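Student: I have not looked at this structure before. Could you take me through it?

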Amino acid sequence: MTSKNKKQFGVWMDSMHATIIGNTTSEDGDFILLAHCKNEANSSNSSEKNANNAEKTNQHKFYKEILSHLQNAEEVHVTGPGTEQEQFIHYMASTPQFKNTVAKESTSNKLSDEKLLDHIKSVFK
């Protein structure tokens, strides 16, 4: 199977936003912008425990929303600032549907949609 026929996705993410790029099902395997996802802001809580639980719950909802766009993914490249990508890759690996997905990561500042498309295309060449 050539790399052009694989289901490949790129994700730029930080703790609050994600941009998802995927290859089309056409013969040329061109990459397109699939979605923008946003993490819910945490509301104030009366205790630190409740605040931590709410933060984890929101983070998991955010990850599930991203994964909903990565159906049948064989390769995923995750980029962005900080360590959010690493946490997302660990979450993805713990999900049965994505346990065999090859995931790579890199660090980058915020990229425009066009620059992200170019970056993801260069990663999967």
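Tutor: The conversation below goes through the sheet, the helices, the cores and a few single residues. This is a predicted model, in which local features need pLDDT of at least 70 and side-chain atom pairs count only at pLDDT 80 or more, while totals for chains, interfaces and linings use all residues. Residues are numbered from 1 along each chain as its sequence is written, and side-chain values use heavy atoms, with hydrogens and water left out.

Student: In what order do the five strands of the sheet come?

Tutor: The order is S3-S2-S1-S4-S5, in an open sheet with mixed pairing. Strands (E, at least two residues) and helices (H or I, at least four) are DSSP runs, numbered from the N terminus. Two strands pair if DSSP finds at least two bridges between them.

Student: Which strands stand at the edges?

Tutor: Strand S3 (31-38) and strand S5 (102-107) do; each has a single partner strand, so one side of each is left without a neighbour in the sheet. From one strand to the next, the twist averages 20 degrees. Angles run from 0 to 180 degrees between N-to-C directions, and axes are lines fitted to C-alpha atoms, for helices over the stretch in contact.

Student: How many bridges join S1 to S4?

Tutor: Five bridges join S1 (residues 8-13) to S4 (residues 75-80), and these two strands run parallel. Phe9, for instance, has Val76 in S4 as its bridge partner.

Student: And which strands does helix H1 touch?

Tutor: Helix H1 (residues 48-67) packs on the sheet and touches S1, S2 (17-23) and S3, its direction making about 160 degrees with that of S3. Helix H3 (residues 113-123) also packs on the sheet, touching S1, S2, S3, S4 and S5, at about 120 degrees to the direction of S3. Contact here means heavy atoms within 4.5 Å.

Student: What about H2, which residues are buried there?

Tutor: In H2 (residues 84-93), the buried residues are Glu84, Gln85, Phe88, Ile89, Tyr91 and Met92. They cover an arc of only 160 degrees around the axis, which puts them on the same side of H2; the arc is that of the directions from the helix axis to the C-beta atoms. These buried residues pack against S1, H1, S4 and S5. Buried means under 20% relative accessible area, exposed over 50%, and partly exposed in between (1.4 Å probe, protein chains only).

Student: How many residues has the largest nonpolar core?

Tutor: It has 20 residues, and those with the most contacts inside it are Val11, Met13, Ile66, Leu70, Val76 and Phe88. S1, S2, S3, H1, S4 and H2 each supply at least two residues of this core. Apart from it lies another core, of seven residues, including Trp12 and Phe124. A nonpolar core is a set of buried Ala, Val, Leu, Ile, Met, Phe, Trp, Tyr and Cys residues joined through side-chain atoms within 4.5 Å.

Student: Changing topic: is Thr19 buried or exposed?

Tutor: Thr19 counts as buried, at 2% relative accessibility. This residue is found in strand S2, and its side chain makes a polar contact with the side chain of His36 (3.3 Å). A polar contact is a pair of N or O atoms within 3.5 Å; within protein, one must be able to donate a hydrogen and the other to accept it, and residues adjacent in sequence count only if both atoms are side-chain atoms.

Student: Where does Asn72 lie?

Tutor: Asn72 lies in the loop between H1 and S4. Asn72 is exposed, with a relative accessible area of 56%, and has a positive phi of about 60 degrees although it is not a glycine.
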